[in-house]
Amino acid sequence: MIVLCVTALIKIFIIIGALMTAAAYLVLVERWVAAWVQDRLGPNRAGIPLTKIRLWGLGQPIADGLKFIFKEEFVPGHVDKILFTLAPIATLAAAVLIYAVFPFGSLQWMAGGEPIPLGLVSGFSAGLVFIFAVNGVAVYGIILGGWASNNKYSLFGALRGAAQLIAYEIPLSLAILTLVLAAGSLRVEDVVAQQAESGVWNVFLHPLAFVVFFVAATAEAGRLPFDLPETEQELVGGYHTEYSGMRLMMYLVSEFLHMITASFLIVILFFGGWHLWGLTGAEEAATWPIALLRVAVLLVKVLAVVFFFMLIRWSWPRFRFDQLMALAWQVMVPWGLTQLVFLALWLEFVEEDPWSRGWASAWPLAAANAALLAAVWLLTAWVAQPYYDNRPRRLALPTKATVASQRAITAIPDASQAN
Amino acid sequence: MIPELVLGMGAVACFCLGAFPTVRRASQLVAWFAVLFAGAVVGVQTGWWHGHAVSEPWYAAFGNLFRWMGLGLGLVLLASMRPGASERHEAESLGCLLSAILGLMLVGGAADLITLFLGLELISVASYILLYLDRDGPRPEEAAGKYFYLSILSSAVFLYGLSYLYGLGGALRLDRLTHAWASGAGTLGDASLGAMAAVLVLAGLAFKITAVPFHFYAPDVYQGTSHVNASLLSVLPKAAGMAAIIKLLLGIMVGGGLPLWQVTLAVAVLTVTVGNVIALWQTHLRRLLAYSSIAHAGFMLIGLTAAMTYRRPHQHPWDGAGALLFYLVAYVIATAGAFAALSVLRRGNRPVERLDDLRGLARSNATAPRFIAWSLAAFMFSLAGIPPLAGFWGKLAVFFSALDVGASPSENPLRSRLLWLAVIGAVNAAIGAAYYLRVVGAMFFTEDDAQDRQQAAVVATPAVVAVFACLVLTLAIGLSPGSWFQAAHSASPTAVPTIVEVSLDTAPATH
Amino acid sequence: MDFNWLFFWILAAITVTSAVAAVLTTHIVRMAFYLVVCLGAVAGLFFLAGAYFVGAMQLMIYVGGTVVLIGFGVMLTARTPFVRMQTTPDQWLLAMVTAATLGAMLLQATLRYPKPIEPPGIGEPAVSPGRLGTAFLGLRLEAASSGTSSQTGGDGEDAESLGVAYLLPFELVSVHLLAVLIGAAYLARPRRRPDQETGREGEHAGAERSGPGEEPRPAAVAIASGGDS
């Protein structure tokens, strides 16, 4: 039992330490990517402290961290003191807690015996449920923080955030349910093992679920096309307008953690986790070099997804609130349902176990799902064309057809009409 | 299973049609078709569906009884929904109505706790929405709010009780629970967990059947909403609640050796007295019928108490559970008919709501108001228990079931209490007759003296046919109750109460 | 050396403290927050007992569901911050009597109950979802039947009946949800009450009077248009 506790503590330290460092350095990476996208230099000055060595700006995170730590912990007089303090803690706790169930692989000692799982709570039998349960807890930090700030803009940000997170939790769950149906299990390890053993990653097998999951996960992370809770141009800073110092840092770190979480989930659920063809093998337990290689493969994949998120951030304009809601309820939820029902019917009537012989048995499902994705995409684009026209309203001529379709499609009227 | 599926699909279709303004009127057709088709299927295939073989023989008859009741009520309520009055919500209202009927049928046929609970909740959820969508009632917000908050609380209490039931019995299936309780699961430890389960389940269901400590919402809610909704609230939750009580208390817990009869006896006495006495002062018709429905819940609980204390080894007309079911059928028909009759009456463009509004209805020149007055009188007499109408036999059966315990073998220690229960019931029946006769008197023996009001008139809707159907049923049951008693008895549970062994340690065990 | 007792006491203390705090505070949003903490700690207790699925469900349903409560609280108190819920002494008395009765019953029942089954050690889940989770989806019944009985629940029901038995309730729940969605959609629209002017005895012209031209203005617009001006 002592050994168990010690190993658990070591794992926790490693994971939390790595996460905090990663969050700090990803801020730097984000700024680099931003600079690269916008064709400028980006942060490249800060290097080793107290020296003149620049080191391509790698010292920047240390400077940022120190700045946060030494800033005044200012608590405005008009806030609800208890919740103002607790809200960022809850946010950070929820953001970190989710890493408990991520599998990094499994390690087999040379001498044999039980494989050591690389992960905190490995084999957690309800891992996928846990993931979206903890995901749901993240709402509290936003809504409580925004409310406790007792500030109009914070409250708007909080309410927007709550509405957004709750709305996108549904497509997220639908996409995960698809995988649960496929794997026949709620364990995260089983989802990975299925992809590793058959060699068919879920992204090829369920592309529609992937699209839904990707969009929903981006929205849950509050990344730019979906960053309505904290739009600087409209809401000052959104729900954390009143925060400063360490409390603000908790919010910012958890935002980055949400992005990393989303990347991890995408890689684990859709891109085979630690699996790479011809390199890592398919058995769950592995020896030292292979296990380390797997961790590396997983992290590289995660970094690639993170990089993609950053590219999105600097490429896409922000959604309007009604578009955001319409995307969730009128596109993503029906898509997720379509995928779930389609897979259920396929497993019931066409092929019970498409994973049994790898690609040889899985290609019909993959092809059918790809066709399904194309079909629903085209259908949505055709049906909802006037609504997803993103041009400013005064330029788009309000024809009778557009008005009618808007009435039919949206439950929330256009903001400009309401004002 | 097919009737339930048809109703469920009909409900979903109505909800979906409601989204499209051009076709939403078709929901009326869909709803009628669903109910009639489900009825036809029940008529053809009378066997009851079970997810798994249920070893209790009475389940099939019980399920069928509630299927017929649900479908019949569905027709009456469908007919009473005034077309055009709530045109904007018609599709949604019909969908809710169908799902509420579905709920009743599911409660009747449920073979496991989950289906039972979901069936009850289906009724509740549908009634919240119906109450909210209602445009006819004077205070829909108050009615919807009051009913919603209290109902979810009661559902929570009920579910809490169910969790104890499940934890003790270790199964969700009702037949397994029956066996578990018969083999002592209910008295595990020192029986306090079993008592918790029973009390919580009974408390949760007491809300649905408006038994006394949980009755106070009924008058306000009924008054605040329309006749149709009040009708739905006074029959569907009550029938479903009674079905659940019979299934859980009589079907399972009565074999567990807990002195449950003490609780039901107290509740029965309180309910019947409070309902009848307070009803005497009511002048608002829906309030009056609300208290009347409370009182009738009390009468039914008398039958329940009798069934909990003594069970004849063979079928007998004065058997408590059968009497309860018979009473329920008579009550449901009379109440649904009375509300349907009230819903077709209008004065000007105002619904008839107060006792004064009924004045001189039977002396009207037109035929239709006179017909409505006569039918209403028949329903009132049936509710009051005056022969030869259905309600009379119901009251008779319930009182005699209590008296029958009194006449049971001399070892039964509960004889005197059940005798007193029957006496209290009889006194209350007399009190109840007074206010029902006030309604009749207003229609028949007073002039319509109001100058500022318009004459009462009948709006020609299918509800008139429904009133007629209820009238025919009330008379038919009253004139030949035998086969109905037969049906009620085949549907009553067969578990044997073990009351005598536990209730008094000094008394020797009987049966 | 087993640390379970330590975690148990920590979680139990959090549960009880936050439950008491939720009762004592007069502040609706804080109350909901304490409730969340309390429910979350109960989820922790479930995890500790090895009932992972129950714990995760507790997190998802109760902890996740309370956000609605908080949302309402926030919206109710947004205009006039920090309103307090006034409770009169007689309400306190009544609530205390009821709660004390229930508490006494529960306590007595719990203490008298025979000792429960030994909790499993770490890593041996007592109730695991296994195939049960997918059986709830209503499909893959053969998958449900292939699961071992230890995976499918503690009551010894054969797995075959398990798969079939929950198909109907599952579909029922979806009918429920549809009805609730319809109700919520109507609830979200503002009600026009034309007979407010005429009083409650007035003409019942609710449905007739509402013209087709006017569009409802949902409250959500306030969020949408917060800073757009």
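Predicted model: local features only at pLDDT ≥ 70, side-chain atom pairs only at ≥ 80, totals over all residues.

Residues are numbered from 1 along each chain as its sequence is written, while chains are lettered from A and ligands numbered from 1 in the order in which they are written.

Chain A has 16 helices and three strands, chain B has 19 helices and three strands, and chain C has 10 helices and zero strands. Helices (H or I, at least four residues) and strands (E, at least two) are DSSP runs, numbered from the N terminus. A residue is called buried if 20 or more other C-beta atoms lie within 10 Å of its own, exposed if 12 or fewer, and partly exposed in between, with C-beta atoms placed from the backbone. By that rule 45% of the 419 residues of chain A are buried, as are 65% of the 511 residues of chain B and 31% of the 229 residues of chain C. Contacts are counted when the C-beta atoms of two residues, placed from the backbone, lie within 7 Å. Among contacts with a separation of 6 or more, residues 24 or more positions apart account for 75% in chain A, 79% in chain B and 47% in chain C.

The buried nonpolar residues can be grouped next. A nonpolar core is a set of buried Ala, Val, Leu, Ile, Met, Phe, Trp, Tyr and Cys residues joined through C-beta atoms within 7 Å. The largest one holds 214 residues, and the members that touch the most others are B:Leu104, B:Ala239, B:Phe326, B:Tyr327 and B:Ala340. Helix α13 of chain B (residues 320-344) supplies the largest share of this core, 20 residues. Apart from it lies another core, of 148 residues, which includes A:Tyr99, A:Leu177, A:Ala291 and A:Leu324. Back in chain B, and leaving aside neighbours within four places in sequence, B:Leu104 is in contact with B:Phe66, B:Met69, B:Gly70, B:Ile123, B:Leu236, B:Ala239 and B:Ala240.

Helix α10 of chain B covers residues 227-250. How enclosed is α10(B) by the rest of the structure? 24 of its 24 residues are buried, so α10(B) is largely enclosed. The expected span of a helix is 1.5 Å times one less than its number of residues.

β1(B) (residues 345-347) and β2(B) are joined in the antiparallel sense over two bridges; B:Arg347 has B:Arg350 in β2(B) as its bridge partner.

Chain A is divided into domain 1 (19-70), domain 2 (79-383) and domain 3 (392-419), with bounds that come from an automatic or database domain assignment. The centres of domain 1 and domain 2 of chain A, taken over C-alpha atoms, are separated by 27 Å. Their contact takes 12 residues from domain 1 and 14 residues from domain 2. On the domain 1 side, the elements that give two or more residues are α1 (2-37) and α2 (60-70) of chain A, and α1(A) gives the most, with 10 residues. The residues of that side divide into 11 nonpolar, no polar and one charged; Ala, Val, Leu, Ile, Met, Phe, Trp, Tyr, Cys and Pro count as nonpolar, Asp, Glu, Lys and Arg as charged, and the others, Gly among them, as polar.

Some backbone details remain, each in a loop. A:Asp39, found between α1 and α2 of chain A, has a positive phi near 60° although it is a residue other than glycine. A:Asp39 is exposed, with 6 other C-beta atoms within 10 Å. B:Thr210 has a positive phi of about 50° and is not a glycine; its place is between α8 (192-208) and α9 (217-224) of chain B. B:Thr210 is buried, with 29 other C-beta atoms within 10 Å. A cis peptide bond, with omega about 5°, joins B:Pro387 and B:Pro388, and B:Pro388 is in the loop between α14 (367-384) and α15 (390-406) of chain B.

Notes. Pairing = 2+ DSSP bridges.
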